[in-house]
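Dear colleague,

I am passing on a structure to you with this message, and below it I have set out what was found when the coordinates were examined. Please read the notes with the model open beside them.

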Amino acid sequence: MKFIVSSSYLLKQLQVLGSVINSSNTLPILDNFLFELDDKTLTVSASDLETTMSATLDIDSESQGSVAVPAKLLLEILKTFPEQPLTFTVEENSTIEISSNSGKYALAYSPGSEFPKSVNLDNPSTTLVPAEVLATAISKTIFAAGNDDLRPVMSGVFFQFSTESLTFVATDAHKLVKYTRTDVTSDDTSEFIMPKKPLQLLKNILQALEEEITIEYNETNAQFIFGESTLTCRLIDGKYPNYEAVIPK
């Protein structure tokens, strides 16, 4: 398994993915990036079990395979390089060698098969939302979501999609925000509760995008597809409080 990639291009993608990884993981394998190589396509993933994010990179290669590479160490190494092509070569002795203009680094890797498999959504519903609309909706609601572990449904943002509008709601029982857009609609009527962490990740990413985000969701998971990246997360299970009852008519 061998591939060549631009150092700055790889670093930029990995810094976004690195924000998914927790500082302390119950599974040591989650401290790694998963590299999956299929000829000229490299898919890099990061996960904390609840949220998984992956990005597809165009690289120069003719091989296939998958390895899990220590995330923190790899990011620190990449930050030291000026812009240049890097050659990654997976050796038989469980090390991955990074060759640059100034020398070589060797990192220990784990088999890619140990990394948790990402969730495939069965028969998902799909809604298209402009990046600007979704970024604004998250910014205007996420601050009002609660932090109470005893009431997990209030620790996320409530998404309500209908054929007439999209509504986003957040409350911590003291303050409540309801944000509605009638200029964007969905083909189906549905609702789900998004956790805070993936929304915070999306908020930071979407500000720089000007495209439509594809949101796919079923009863347990939601997937956000934008550009060459995909973010999948587990939804919060439960029924959201009747927020309409507390809004003065």
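Ser-94 sits in the loop that runs between strand E7 (85-90) and strand E8 (95-100). Please keep in mind, here and throughout, that this is a predicted model. The phi of Ser-94 is near 60°, which is a positive value in a residue other than glycine, and with a relative accessible area of 39% the residue is partly exposed. Most residues other than glycine have a negative phi. A second case is Leu-49, which is not a glycine either and yet has a positive phi of about 80°; it is found in the loop between strand E3 (41-47) and strand E4 (51-58), and at 40% relative accessibility Leu-49 counts as partly exposed.

**The open sheet and the helices on it**

Nine strands form an open sheet, in the order E10-E6-E2-E3-E4-E18-E17-E16-E11, and the pairing is antiparallel. Strand E10 (110-111) and strand E11 (125-130) stand at the edges with a single partner strand each, so one side of each of these strands has no neighbour in the sheet. Helix H1 (residues 7-18) packs on this sheet, where it touches E2, E3 and E4, and its direction makes about 170° with that of E4. Helix H4 (residues 196-206) lies across E4, E16, strand E17 (221-226) and strand E18 (229-234), and it runs at about 160° to E18.

With a relative accessible area of 8%, Asn-32 is buried, and its side chain reaches the backbone oxygen of Ile-29 at 3.1 Å. If neighbours within four places in sequence are left aside, Asn-32 is in contact with Ile-21, Ser-45, Ala-68, Val-69, Pro-70, Ala-71 and Phe-115.

**Nonpolar cores**

The largest nonpolar core has 68 residues, and those with the most contacts inside it are Leu-14, Phe-33, Phe-35, Leu-74, Leu-134 and Phe-224. Helix H3 gives the most to this core, with six residues. Apart from it lies another core, of eight residues, which include Val-153, Val-169, Ile-236 and Tyr-243.

A search of the whole structure finds 14 aromatic pairs. In one of them, the rings of Phe-159 and Phe-168 have their centres 4.9 Å apart and their planes at 80°, so the pair is edge-to-face; Phe-159 counts as buried at 1% relative accessibility, and Phe-168 counts as buried at 1% relative accessibility. Phe-192 and Tyr-217 form an aromatic pair that is tilted, with 4.8 Å from centre to centre and 35° between the planes. Since Phe-192 lies in strand E15 (residues 190-195) and Tyr-217 in strand E16 (residues 212-217), this pair ties together parts that are 25 residues apart in sequence. Both Phe-192 and Tyr-217 are buried.

Strand E15 itself is mostly covered, as five of its six residues are buried.

**A buried loop residue**

Which residues does Ala-145 touch, not counting those up to four places away in sequence? They are Met-154, Ser-155, Gly-156, Ala-170, Thr-171, Asp-172 and Lys-196. Ala-145 is placed in the loop between helix H3 (131-141) and strand E12 (156-161), and with a relative accessible area of 5% it is buried. Ala-145 and Leu-134 are eleven residues apart in sequence and 16 Å apart in space, C-alpha to C-alpha, and Leu-134 is one of the residues with the most contacts inside the largest nonpolar core.

With kind regards

Technical notes
Residues numbered from 1 in each chain as written. Predicted model: local features only at pLDDT ≥ 70, side-chain atom pairs only at ≥ 80, totals over all residues. Heavy atoms only, no water. Buried < 20%, exposed > 50% of the residue type's maximum accessible area, 1.4 Å probe, protein only. Polar contact = N/O pair within 3.5 Å; in protein donor to acceptor, adjacent residues only side chain to side chain. Contact = heavy atoms within 4.5 Å. Helix = DSSP H or I, 4+ residues; strand = E, 2+ residues; numbered from the N terminus. Core = buried A, V, L, I, M, F, W, Y, C linked by side-chain atoms within 4.5 Å. Phe/Tyr/Trp six-rings, centres within 6.5 Å; stacked < 30°, edge-to-face > 60°. Pairing = 2+ DSSP bridges. Axes fitted to C-alpha atoms, helices over the stretch in contact; angles between N-to-C directions.
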